Amino acid sequence: WNSPIFKILVIGGTALTGVATMIFSKTSWLPLGMLALFLSGGGFMVAVMPLRSAIQSNPPVKFRGRVMGIQFSCFFLGLVIGKVIPGWLTKQIGISNCLALIGAIGVLVSVMLFAIRRKINIPKPKELIGVELTFPLQ
């Protein structure tokens with residue numbers, strides 16, 4: 001989990017998504033726009049899959065349903081917030097500039113992740129064997 005490949009996938013995928021979104025926001029040429037959207041989606045998949053894998057495989061089996069419930073709750077909360085704020089921002093600065101800003105935020109997040117990559121430590125599933133996690137809903 002703490003391998004350089006895992007971190008490269010997450011950081012690189014986040015950076016690729018941000019850069020491709022910025023390119024898409026400023027292009028008016030259809031083939032380049034399609035390529036940028038393809039790369040943005042691919043970068044998102046590359047970044048999210050290792051994270052989801054780590055989240056789903058780390059907790060003990062008896063807590064996996066709760067972890068998935070929390071994960072999906074956070075994801076859908078992000079969707080709700082992610083539709084309200086850019087909607088308002090789009091009216092203020094325009095669609096193209098809003099997309100460019102979203103892409104720039106993605107690049108900024110990837111730069112921050114790159115800066116702290118050595119401090120990121122995800123415990124392996126074997127390290128969690130025998131560890132009793134407590135949740136308020138037990």
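This is a predicted model: local features need pLDDT of at least 70, side-chain atom pairs count only at pLDDT 80 or more; totals for chains, interfaces and linings use all residues.
Biologist: How do H1 and H4 pack, roughly parallel or roughly antiparallel?
Modeller: H1 and helix H4, residues 95–115, have their axes 7 Å apart. The angle between them is about 160°. Angles over 145 degrees count as roughly antiparallel, so H1 against H4 is roughly antiparallel.

Biologist: What is the hand of the crossing where H1 passes H4?
Modeller: Two packed helices are described by the angle and the distance between their axes. Here those values are about 160° and 7 Å. The crossing of H1 and H4 is left-handed.

Biologist: Which helix gives the most to the nonpolar patch?
Modeller: The surface patch includes Leu16, Trp29 and Phe38, and its residues together have about 750 Å² of accessible area. Helix H1 (4–26) and helix H2 (30–57) each supply at least two of its residues. With four residues, the top contributor is H2.

Biologist: Is Leu39 buried, partly exposed or exposed, and what is its relative accessible area?
Modeller: Leu39 sits in helix H2 and is one of the residues of the nonpolar patch. Buried means under 20% and exposed means over 50%. Leu39 falls between these cut-offs, so it is partly exposed, at 33%.

Biologist: What share of the residues of the chain count as buried?
Modeller: Buried means under 20% relative accessible area. The chain has 138 residues, and the buried share is 24%.

Notes: Residues are numbered from 1 along each chain as its sequence is written. Side-chain values use heavy atoms; hydrogens and water are left out. Patches are made of residues with over 30% relative accessible area and no salt bridge: like charges are joined within 9 Å, nonpolar side chains (Val, Leu, Ile, Met, Phe, Trp, Tyr) within 5 Å. Accessible areas come from the Shrake-Rupley method with a 1.4 Å probe; for residues, only the protein chains shown count as cover. A salt bridge is a side-chain nitrogen of Lys or Arg within 4 Å of a carboxyl oxygen of Asp or Glu. Buried means under 20% relative accessible area, exposed over 50%, partly exposed in between (1.4 Å probe, protein chains only). Axes are lines fitted to C-alpha atoms, for helices over the stretch in contact, and angles run from 0 to 180 degrees between N-to-C directions. Angles under 35 degrees count as roughly parallel, over 145 as roughly antiparallel, 65 to 115 as roughly perpendicular and the rest as oblique. A crossing is left-handed if the near helix is turned anticlockwise from the far one by less than a right angle, and right-handed if clockwise.
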